[in-house]
Amino acid sequence: MTAADTLRFAFRALTGFRVRTALMLLAMSIGVAAVVLLTSLGEAARTYVTGEFAALGTNLLIVIPGRSETTGGAPPVTGATARDLTIEDAVALGRSPQVALIAPLTVGETALSAGTRSRNAVVMGTTHEMETVRHLTVERGRFLPPGDPSRASAVAVLGATLADELFGARDPLGAQVRLGDRRFRVVGVLARQGQSLGTNMDEAVFIPVASAQALFNTPSLFRILVQAADRDAVAPAERDLLRILRERHEGEEDVTVITQGSVLGAFDRILRALTYAVAGIAAISLFVAGILVMNVMLVAVSQRTAEIGLLRALGASSGRVRALFLTEAALLSLLGAVLGVAIGVGGGLAVSAMVPALDLTPPAWAVAAAVGIALTTGTLFALLPARRAAALDPVEALAPR
Amino acid sequence: MRGVVRTFQVGDQTVRALDGVDLDIEAGEYVSIMGPSGSGKSTMLNLIGLLDRPTDGLYALAGQDVTALDDDQRARVRGERIGFIFQAFHLVPRLTAAENVELPLTLAGIAPAERRRRVARALEAVGLTDRAHHVPAQLSGGQRQRVAIARATVTEPAVLLADEPTGNLDRASGHDVVRVLEDLNARGITLIVVTHDAEMGGRARRRIRMVDGRIAEDARA
Ligand SMILES: Nc1ncnc2c1ncn2[C@@H]1O[C@H](COP(=O)(O)OP(=O)(O)O)[C@@H](O)[C@H]1O
Ligand SMILES: [Mg+2]
């Protein structure tokens, strides 16, 4: 019997038992569609989060005061409180050849008012460099002017929402705003930046770092943002930053440097693992579909006992009978998988069309894995029924009942 | 067949369905096997058709000892030399008459064009050319058995084995079927028919009577 004839016979058997075939196709395709759709979702989440993080800046390093004790070990006995980061620290870091730009940052919250309107605002004390380091876009005017970071100056840049709420249709440029008891002149307004990893830049007001320190009466920095000279400079820059700060802090390593790349990598790994986990859970439905295939094929074998006996009488060996039933199950699984991929991809495209921010294009590996698992489980679970069919004694199979 | 024994284990009892049968059948013979129910007629037919193996004894088909053949070889011999006709017809209900007749050719791996030619010829020989594309449910009992005969003969086997071929048919269609079978025998095929019908059994040139798994009578006309 040729392969083409075997396939045709299996196909005729599938079309000959429509309800049964439709049910198994449904089960198989739901399983495959679940794998495809859920992995698409996982991938979409991963690309979204990593994209968001990549948008933070380029070759970014962040210096945070305090040592994060992630590696265990005894906590420091002396000088348990971490030394603060200062503007002088930031300036010193800027001298490293590996570093392109430095943006110190002090953060506080206070009332911001213009005329009679007032609201609470996040105050970001920083320098001119922040615009480049954090990829901020200025819509009107300009960002904080360059200059000595330790010199205070009464200028402010407003986030888009703040500008809207305090000035409405009026032009804020050149206007005076009050932060606490101090006056600042508005020199710029940011374009709408949106939410970025928990901070809404649109509701922030940017002032020179020294002014912010005076406003909040603190000599310390919240963190220092560093842009490395280039991609290859990130790792040496990290070493440089740690070395310089150790020297400045009497040999004590009391800061943490995180690199954008490492955080990006961590997110990427975590979300990838999550996608695999979700895909694995969805694959369980394929397993269930496999069990269904087994049961339905077992029923088919007992329903078609006489047919099996007949095939044997007409010259089929028991191996041929087994091959016929396996082909039937494999064909069924393949059709179910194709249907499932169509449903999964189609569903993803439909959702993407409705929610353009969500790109639910399934990853190729997920489609391949879903089809592979469907074929394998479908065929594996058909082994038992096919063997049972092959083991039937032809005389008994043909005996009238 | 020499000293052929076939026993079945039923619970803790051993049933001797065939109990030492010696039998020679020449090519082209027309043999009827009769006898009471349970006397071993079907068992003997199944052994002749290589659907079953003897527990003991020797069976040679066309001079070749086939007792020790493995499953694949026996399947091939069945496909090439034996045609089966059953009381219950055993047509595949989802396939058309032509597709049913085609089945043994497909299993034998014969090319589609050749298959179509031979199927057409076999259906014509049983007078069912106009029913080729009907499924069994659309055919009468007599027509179904003629489809089964076409299927059994489409491979041009040497031996045709029929187990109560008219058992499920009315008299008229039974006569049609017998006539078709006898035509085939007249053209050289060896015909072995198990039957309860004394009239049909009497038409055979050689009449075997079985009782309790043995040949009780072997008469030639
Ligand atoms: N598969 C089987 N298992 C057990 N006993 C069987 C089997 N096949 C046949 N027999 C027994 O063998 C004997 C002969 O059966 P069979 O050849 O079918 O008789 P007949 O066709 O002459 O009516 C009977 O007693 C029957 O019960
Ligand atoms: Mg019988």
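Which residues in H11(A) are buried? I looked this up in a predicted model, where local features need pLDDT of at least 70, side-chain atom pairs count only at pLDDT 80 or more, and totals for chains, interfaces and linings use all residues. Residues are numbered from 1 along each chain as its sequence is written, chains are lettered from A in the order in which they are written, and side-chain values use heavy atoms, without hydrogens and water.

**Helix H11, chain A.** I found Ala366(A), Ala370(A), Ala374(A), Thr377(A), Gly378(A), Phe381(A), Ala382(A), Pro385(A), Ala386(A), Ala389(A) and Ala390(A) buried (under 20% relative accessible area, 1.4 Å probe, protein chains only). Among the elements covering these residues I noted helices H2 (18-54), H8 (260-303), H9 (305-313) and H10 (318-354) of chain A. Helices here are DSSP runs of H or I with at least four residues, and strands are runs of E with at least two.

I then read the span of H11(A), residues 364-391: its 28 residues reach 40 Å from first C-alpha to last, close to the 40 Å expected at 1.5 Å a residue (1.5 Å times one less than the number of residues). H11(A) bends by about 40 degrees at Leu383(A), and Pro385(A) follows within four residues; the bend is the angle between axes fitted to the seven residues ending there and the seven starting there.

**Sheet, chain B.** I recorded an open sheet of 3 strands, ordered S2-S1-S4 (chain B), with antiparallel pairing (at least two DSSP bridges between two strands). At its edges lie S2 (13-21) and S4 (56-58) of chain B, each pairing on one side only. Strand S1 (residues 2-10) of chain B is joined to S2(B) by 7 bridges, and Arg6(B) has Leu18(B) in S2(B) as its bridge partner.

Notes
Buried means under 20% relative accessible area, exposed over 50%, partly exposed in between (1.4 Å probe, protein chains only). Contact means heavy atoms within 4.5 Å.
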